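Subject: Structure for you to look at

Hello,

I am passing on the structure below, followed by notes on what was found in it. Please have it open while you read.

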Amino acid sequence: MTSLKRSHEADPLASNISSKVYVRSTRSGKVQKIVREVYLRTDIPCSSKLCKACLERAPRNAAGQIQPFVLSDKPAGTKAVPQGHYLVPDTNALLNAMDLFEQGSSFYDVINLQTVLEELRNRSLPLYNRLVGLTKSEDKRFYVFYNDFRLETYVNREPNESVNDRNDRAVRLAVKWYGDHLARTMANKVPAIVMLSDDQDNLRKARAQGLHASTLAGYVEGLEDGEKLLDMIAESQSQGGFQKPSQMLYPEYYTMSKMMTGVKAGLMHQGIFNVSPYNYLEGSIKVPAFPKPLLVLDRESINRAVDGDVVVVELLPRDKWKEPSTQIIEEDTITRNENADAEERDDFVSDKERKALQEEVKKTQKASSESQLQPTAKVVGVIKRNWRQYVGHIDPSSASKSSTQGRKQDSVFLIPMDKKIPKIRLRTRQVSELLGKRLLVTIDTWDRDSRHPVGHFVRSLGELETKGAETEALLLEWDVQYRPFPKTVLDCLPKEGHDWKVPASTDDPGWRDREDLRELLICSIDPPGCQDIDDALHARKLPNGNYEVGVHIADVSHFVKPANAMDAEASIRGTTVYLVDKRIDMLPMILGTDLCSLKPYVERFAFSVIWEVNKNADIVDVRFTKSVIKSREAFSYEQAQLRIDDKAQQDDLTNGMRMLLKLSKKLKKKRMEAGALSLSSPEVKVQMESESSDPIDVKTKELLDTNSLVEEFMLFANVSVAAKIYEAFPQTAILRRHAAPPKTNFDELSNQLRVKKGLELRTDSSKALADSLDQCVEPQEPFFNTLVRIMATRCMMSAEYFCSGTQAYPGFRHYGLASEIYTHFTSPIRRYADLLAHRQLAAAIGYEAVHPSVRSRGRLEAVCKNINVRHRNAQMAGRASIAYYVGQALKGKVAEEDAFVMKIFSNGFVVLVPRFGIEGLIRLRDLAEPEPDSEFDAESYTLTTKGSRAVNVELFQKVKVRVRDEKDERTGKRGVRMELIGA
Ligand SMILES: [Zn+2]
């Protein structure tokens with residue numbers, strides 16, 4: 001930290017200097033005292049449009065302008081303060097109810113004190129970022145007042161005064177100052193300054209000083225739509241919580257120091273808690289000390305951990321180790337009809353849950369063999385909660401009759417869309433309005449005496465099953481940033497807008513160091529209707545018999561400069577998200593679909609990779625250059641394929657594509673020989689009726705040679721660029737790796753293939769795996785191989801972006817592509833990683849200076865962490881969107897389809913329907929009424945039923961199912977229901 005110390009004597013403002021003492025602990029654990037001198041000022045404005053005095057004194061910039069004032073001259077009034085008011089929240093008010101401040105009907109003209117902002121940042125970075133977002137919004141009128149820098153509002157900490165008390169005092173002083181200061185404006189109506197706090201002591205002191213002070217609940221009650229807003233206050237803060245039982249239901253968490261000691265000694269383990277998608281009473285965590293994940297079974301051992309939390313667990317003795325569950329246990333079914341108001345003392349583990357678990361034990365005891373046992377553990381503490389906002393709907397069976405009528409506050413259960421998240425208890429006054437709606441809620445607390453976590457209502461997204469509500473729901477569930485781009489971002493776009501053109505004169509600075517490739521016969525090949533064209537290609541024969549091949553990528557880094565508002569926004573979004581009927585862009589549309597897009601017939605800036613390759617597609621030479629190109633045609637995969645196959649077409653462009661196709665096959669062969677995997681995920685396409693955008697059919701995507709052509713050359717370019725930027729920036733190159741999966745990941749699948757099909761899966765290298773996957777065929781059943789590949793894909797690690805300095809070279813390897821180095825370069829319009837790679841490549845070839853942001857390892861690591869999450873979320877959102885539309889396409893129809901059994905439980909099984917790319921659960925109780933008797937053989941993966949219905953279901957078996965949409969009477973939610981017709 002740099003010293004701000006100057007000589008006191010020489011400074012005329014010396015009397016205004018106060019010192020601020022910071023105490024911080026260093027990494028080595030020592031405590032450092034840092035003294036900073038603060039120059040107190042009298043020109044920091046109140047920013048009220050009523051105040052002339054501040055307008056005259058406020059600091060001006062070089063152009064003589066002052067920051068526009070924020071707070072309204074006609075602020076809204078309430079019952080308590082009809083003359084109008086400004087709000088001053090303390091830190092706890094913001095911590096407890098940020099959602100309130102964000103909603104649109106009230107909470108305008110808010111003064112955010114520097115003291116509060118700093119405290120908030122220390123307590124919760126996500127909430128701090130949301131508040132900063134609010135201060136940037138023009139309509140909310142949130143002003144940041146630097147009270148610690150203004151002479152009259154600065155507060156020195158008294159001896160023996162706690163930091164907390166000092167900060168509370170600072171808030172009260174600022175409230176008082178604002179009141180006195182605005183009184184001096186002699187305005188017609190002087191707004192009241194209302195302090196918001198839930199701290200009783202602070203409130204009492206404020207009132208004693210004659211200030212307007214209110215609790216959140218008290219303030220909200222005085223607003224017009226107060227009743228609704230009350231739901232948005234965290235339960236623990238509002239008056240009258242739940243009836244508390246005297247008994248604690250869950251074990252107490254260990255202290256932090258006890259956990260730290262335990263982890264160090266190897267007696268406890270820290271990791272991320274994951275809940276099984278099939279059984280809400282089974283969680284697992286991966287820890288370095290064990291090859292297999294530790295299992296956490298039952299409510300008490302899970303001990304209030306929620307999916308995604310960072311927890312510490314303690315191992316259970318060996319005689320309690322178990323096999324993973326072979327049973328489907330759904331919270332929804334087991335805990336149906338629970339009363340949300342009554343606290344369950346005696347039936348903490350309800351009878352139904354106990355029974356479900358006992359059946360489980362009986363069944364596994366039979367089949368257990370020592371090698372299949374997994375260590376079990378219990379949660380003893382939570383290091384970091386990973387709670388976010390959740391989307392769900394109210395369980396109507398939890399709403400009492402009276403609550404659907406009156407305006408009385410009631411407890412209800414919210415069933416989250418994400419099955420891994422437990423039911424959340426809410427208190428609300430508007431049950432009748434909220435039933436049947438998609439809702440956004442947060443979790444506030446989960447105390448030892450509460451069976452379920454407690455949360456509060458944030459807002460309604462609309463009626464269940466409507467397109468708008470369901471789309472917004474999945475964007476929120478996967479944390480996709482879908483708000484329109486703010487003005488600050490749009491201000492970074494070229495002033496010419498859609499009229500922007502490549503400058504006509506090659507003397508223009510835009511042409512500096514660019515190669516003129518406009519004469520090349522370049523074309524693009526994409527899915528039909530693609531508007532954001534990232535890449536285009538060309539090939540031509542050279543006089544020496546070799547080929548020149550070019551991959552030309554949209555020059556996005558020409559338009560998006562490092563560290564400006566547009567770059568910052570793109571780095572947060574990380575990727576464009578593709579839903580069935582909608583695209584949520586990473587960059588403003590004008591760039592993605594026009595100025596950067598390598599559209600046909602117009603000149604565009606590009607970043608080109610140009611190789612000379614021989615007939616065998618070996619690289620003779622490669623170079624990288626910024627360029628200007630003019631694409632001759634934008635083909636769809638199908639169009640390009642037709643053109644290549646049509647022998648009558650002998651023009652140079654078509655022949656160029658034929659060369660590309662031939663070379664791409666050589667590249668692919670080489671990759672496959674090196675051990676690249678060809679993996680599968682069921683890819684389906686929803687056909688929409690163009691006018692109504694209602695789904696009409698679902699088709700499995702067909703892959704043509706031209707798909708593979710484009711893919712091979714993009715991989716080729718990415719590998720060449722990766723090597724180049726790594727050479728230039730050994731510590732900070734942004735690369736993509738795919739770790740080899742631990743051998744144990746394949747244990748189950750290997751065993752299944754051996755037992756059921758007599759096939760051997762070899763996993764010692766990607767080459768061995770690729771070859772053995774090729775052997776997994778059934779002559780009569782071509783889909784079997786795809787099924788195995790889909791299942792194998794799920795055993796893999798996920799690929800990730802990283803910064804080259806964080807790994808040793810062997811760790812760079814991309815297992816799936818069998819490439820020793822790899823990056824993403826070819827889609828800068830829709831992936832932020834590619835934009836960074838462009839900047840690094842531009843610096844590596846000396847086109848431009850290295851910007852600090854692409855050289856700072858710390859910053860790049862943070863960016864990688866974010867884009868890894870965004871990338872995964874975008875995939876999940878895309879899949880969820882397909883699942884929703886498949887359901888819609890099936891509406892009112894019944895289809896009989898082939899399906900394959902991909903997982904077997906003791907009380908049901910999971911099938912995959914290739915035609916729709918969807919998986920469905922068929923439970924024993926779905927087979928017949930009453931539920932048939934069954935026998936489950938875990939060793940041979942067989943489920944046999946008799947009695948009310950006799951079937952024999954085995955893993956990998958092909959079955960016939962009836963697929964239809966179903967509206968769940970209880971939740972009003974539409975889903976896909978599968979029935980077994982024949983096994
Ligand atoms: Zn003022």
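Three strands form an open sheet in the order S8-S12-S13, and their pairing is antiparallel. S8 (268–272) and S13 (377–384) are the edge strands, each pairing on one side only. From one strand to the next, the twist averages 30 degrees. Please keep in mind that this is a predicted model.

Between S8 and S12 (residues 310–315), which run antiparallel, there are five bridges. Within this pair, glycine 271 stands opposite valine 311 of S12. In general, the strands of a sheet pair through backbone hydrogen bonds, either parallel or antiparallel.

A helix also belongs to this part of the picture. Helix H9 (residues 256–264) lies across S8, S12 and S13, and H9 runs at about 100 degrees to S8.

The other item is a pair of helices. Two packed helices are described by the angle between their axes and the distance between the axes. For helix H14 (residues 467–477) and helix H26 (residues 857–889), the axes come within 9 Å and cross at roughly 155 degrees. Angles over 145 degrees count as roughly antiparallel, so H14 is roughly antiparallel to H26. The crossing in which H14 passes H26 is right-handed.

Which residues meet where H14 and H26 are in contact? From H14 they are Glu470, Leu474 and Leu475, and from H26 they are Ala877, Ala880, Ser881 and Tyr884. Sorted by class, this contact of H14 with H26 has five nonpolar residues, one polar and one charged.

Regards

Technical notes: Residues numbered from 1 in each chain as written. Predicted model: local features only at pLDDT ≥ 70, side-chain atom pairs only at ≥ 80, totals over all residues. Axes fitted to C-alpha atoms, helices over the stretch in contact; angles between N-to-C directions. Helix = DSSP H or I, 4+ residues; strand = E, 2+ residues; numbered from the N terminus. Parallel < 35°, antiparallel > 145°, perpendicular 65-115°, else oblique. Left-handed = near helix turned anticlockwise from the far one by under 90°. Contact = placed C-beta atoms within 7 Å. Nonpolar A, V, L, I, M, F, W, Y, C, P; charged D, E, K, R; others polar. Pairing = 2+ DSSP bridges.
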